[in-house]
Amino acid sequence: MKANPKDVFSGTYYIDGDVACAYGAAAAGCKFLAGYPITPSTEAAEAFAKLAPQIGAMFIQMEDELGSIVAVLGASWAGKKSMTITSGPGFSLMMEGIGFGAALETPFVIINIQRGGPSTGVPTRTGQADMMQARWGSHGDYEIIALSPDSPQESFEFTIKAFNLAERYRVPVMLMSDECVGHMTEKVVIPSASEIEVEPRRFYHGPKDQYLPFKPDRDLVPPMVKAGEGYRLHLTGLVHDENGYPLLDCDIDEVNQKSTTRRLVDKIRANADKIIEIKEDSLDDAEVVVVSYGITSRVALKGIEQAREYGIKVGSLRLVTVWPFPEKRITELAHKIKGFVVPEINYGQIVFEVERCSHGKANVVLVPHGGAGVHNPDDIFEAIKQVAKNKEKYEGVVEYRTSLERLIFG
Amino acid sequence: MNQNSVIVSLANALERTGLEKVCVVSDVLYKKGIADYLGVDLFHTTRGRTIAFGVGLKLGNPKLKIIVLMGDLVTIGGNHFMHAARRNIDLTVICINNFIYKLKNAPSVNSVFPLYICPEQPFNIPHLAKSCGAVYVARWTALHKAELTNSIAEALQKQGFSVIEAISPGEGNFAGVDGVASDAREKLLKFYYDNSEIKDTEPTENLAIDSDKKIIVGKFVDWERPTFIDLYNNQLRHTLGNKFVPYE
């Protein structure tokens, strides 16, 4: 389905990544945003709040992030494409609602403009340290999808992609942007509505009395209905069967047999190949591969360029979808190359996924960064050089000491 | 099922008002089939998030009528209660008071220590609701069946944040507890009823429940003010003029 022309503000803009997210959400058909302002994500909510009354949408500043995420779930069940926008501390508060949303198979989007550091961290500076939280933050078994843009243009495009994936798989989708991309002002081209593909909600069309809210049709995903349409829904965050009824009085075999939890995981794992998107560059004859995402992939470009000038065959693998992780591709590459270099603005998160998937076949070097800024490209170049020169096989992940760290810690 | 008599009153009120497109949001578990029995969609949320979920449903589709069943006396999620009332979001909140906190002379029904008395002071719910801006506030015990049904029906027909405090013992607390008679629930229901007094005009600040006073029941607040959606649409229509697309 094409986007509704009324929702698309076509044109060429000079805007930051946060604002681009708001335009993307509008184009994707988002009609409800509940959020609580938090640096560095506030501009995105503010921009959507300005667009909302022009496209028949609503922005509400809720009392807190706990309320925001749950209101988003409510609005999604009421039939609106919904999202919330936040940063680290708010993201932590939303974990309860993310699990609840995943359990009820509710389509919604969370935009997380990451800041640096734990707790209140560095509100006005960048970080990429929420990546594992995005994947594992709420308790129990469930799967999510996470995307990572590296520019305002991608912030626009990936927000649309996030809504499409959320509707297709009835799953929470997280746009894991960061302060750098969020506050970076660049040219953004918003195409005409006819060029924007939008996934409609998968509504149920059969007889009312035969509707089972959690009975999957294609791709292991169940069709959805709107609240208040007479389907007599009984939805619960408790482990439930296809009817939505909780499995409390059943014996253990019956719980395992009837529970939908397995499918929450399977619907993403089984469709991983369709969901995963990566951007590859010169991987065919590479001896070193830089795996990166978000703003770091742009910083890495310089390091890669330096390494190529130096004569190293270095390829780049950029994660567009960070979750689900492109396990197969990493394993495939691990058999062919000397090693991976993984720069990220944290002290090691995605690098452990790369190590897990390389099965000891290739060295894995982490180029860490504590946040509040981006890497010095020289460090990425040095790490590439180190991997290219090295002849021995390391055990586990090796951490590259950046020039800054050497300066501080000797 | 926790609160039979309140549910019966709710069912009667729903039947009387004949409302369609009704959703019930609750954070306690109800039996399978309750959605069919009431003829509604039922959402069982994480605890304390009922009002926030209700806000989402209502704003997601303003044509819906949302009933929130909450317990725990505005503790977990209390913030959502205050702000939904302040914004006057059209929700009917039935707050079931089973004396998780303090009622000295009655057999205690604290859910954690069933035979002890909780020393904490509970909220004066009608006063809290009124201060936060609720447009309809009433309190009844579960045995005031006709009055409770009336109040729920009235609240459902109002536009705005309505609160009904229903005083009712929690059935579940008594199951299998030594020293509690099997008819304790019935005795408690009667105890609440006998110790109550109807006073519609009582100022809400006098409505705190205490052991040496009667429980004052009645309808305390009933007035009108614009709902959140009205204000949103009016304000933005005023600001944006022709460019405004009404939210519905």
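The model is predicted: local features need pLDDT of at least 70, side-chain atom pairs count only at pLDDT 80 or more, and totals for chains, interfaces and linings use all residues. Residues are numbered from 1 along each chain as its sequence is written, and chains are lettered from A in the order in which they are written.

**Interface of chains A and B**

Chain A places 38 residues in contact with 35 residues of chain B, contact meaning that C-beta atoms, placed from the backbone, lie within 7 Å. Helix 3 (65-77) of chain A is among the elements that give two or more residues to this side, and its share, 10 residues, is the largest. Helices (H or I, at least four residues) and strands (E, at least two) are DSSP runs, numbered from the N terminus.

Strand 10 of chain A runs parallel to strand 2 (residues 41-44) of chain B, joined by three bridges; strands pair if DSSP finds at least two bridges between them. T236(A) has H44(B) as its bridge partner.

**Helix packing in chain B**

Helix 1 (residues 4-17) and helix 6 (residues 145-157) of chain B pack with axes 8 Å apart, at an angle of about 50 degrees.

**Residue classes**

| Helix 1 of chain B with helix 6 of chain B | six residues | six residues | two residues |

Ala, Val, Leu, Ile, Met, Phe, Trp, Tyr, Cys and Pro count as nonpolar, Asp, Glu, Lys and Arg as charged, and the others, Gly among them, as polar.

Methods: Two residues are in contact if their C-beta atoms, placed from the backbone, lie within 7 Å. Axes are lines fitted to C-alpha atoms, for helices over the stretch in contact, and angles run from 0 to 180 degrees between N-to-C directions.
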